[in-house]
Amino acid sequence: MSAPGAVHVCLLGDDPVRILTPALDPALAPSEVALVVSPQMNERADWLEGVLKPRGITVSRWPIADAWDITGVRDALLNRVVEREGDRLVLNASGGTKPMALAAFDVFRGLGKPVFYVHPVCDQVIWLHPDGRGAHELADVVNLRTYFKAHGAAVQGVAG
């Protein structure tokens with residue numbers, strides 16, 4: 001299992017919940033979430049930042065030029081991971097495009113760093129690298145207000 005205090009490197013895509021659930025789970029809670037962000041996902045990054053920062057999680061952005069350029073993503077991530085050599089980086093490979101996920105997995109596996117995937121149906125973290133770590137049941141930490149905020153909406157009030 002990823003020890004609390006690690007840096008979750010997350011591939012930002014259309015589903016912020018698979019970034020939020022492990023980031024907010026007390027057993028996996030990172031000190032920082034590094035969002036790998038294409039220009040098209042900057043607004044979504046703002047929404048996630050609005051959920052994570054108030055909970056004491058530092059948010060950084062690792063920009064990429066094109067979410068579909070596997071070589072560009074791989075090179076950008078390799079440079080960032082090498083720059084942050086002393087940090088406990090863990091890849092959350094659940095989001096982003098398939099080229100982003102493949103490039104990131106290649107970089108992290110090649111450098112011997114842990115990789116996990118959030119199963120969208122079972123609500124579990126599945127460890128992809130290194131093998132043999134098993135699965136982790138995620139805590140129920142995302143309520144409706146958090147869910148809507150992560151998607152760019154706000155709950156103004158509740159009727160009745």
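This is a predicted model: local features need pLDDT of at least 70, side-chain atom pairs count only at pLDDT 80 or more; totals for chains, interfaces and linings use all residues.
Find Trp 62 on your screen. Leaving out residues up to four places away in sequence, Trp 62 touches Val 9, Ala 34, Leu 35, Val 36, Val 37, Leu 77, Arg 80, Val 81, Arg 84 and Leu 89.

Now, strand 2. Is it buried or exposed? Six of its six residues are buried, so the rest of the structure largely encloses it. And that goes for both faces: Glu 32, Ala 34 and Val 36 are buried on one side, and Val 33, Leu 35 and Val 37 are buried on the other.

What does strand 2 pair with? Strand 1, for one, in the parallel sense over five bridges, and there you can see Val 7 standing opposite Glu 32. To get from strand 1 to strand 2, the chain goes through helix 1, and that β-α-β crossover is right-handed. Helix 1 covers residues 17-24, and eight of its eight residues are buried, including Arg 18 and Thr 21.

Strand 2 also pairs with strand 3, residues 58-63, again in the parallel sense, over six bridges. Here's our friend again: Trp 62, in strand 3, stands opposite Val 36. Strand 2, helix 2 (residues 42-52) and strand 3 make a right-handed β-α-β unit.

Most residues other than glycine have a negative phi, and most peptide bonds are trans. With that in mind, look at Asp 123, in the loop between strand 5 (115-119) and strand 6. Asp 123 isn't a glycine, yet its phi is positive, about 55°. Asp 123 is also partly exposed, with a relative accessible area of 28%.

Then slide along to His 129 and Pro 130: a cis peptide bond joins them, with omega about -10°. Where is Pro 130? In the loop between strand 6 (124-129) and strand 7 (135-137).

That's my tour, thanks!

Conventions
Residues are numbered from 1 along each chain as its sequence is written. Side-chain values use heavy atoms; hydrogens and water are left out. Buried means under 20% relative accessible area, exposed over 50%, partly exposed in between (1.4 Å probe, protein chains only). Helices (H or I, at least four residues) and strands (E, at least two) are DSSP runs, numbered from the N terminus. Contact means heavy atoms within 4.5 Å. Two strands pair if DSSP finds at least two bridges between them. A crossover is right-handed if, with the strands pointing away from the viewer, the path from the first strand over the helix to the second runs clockwise.
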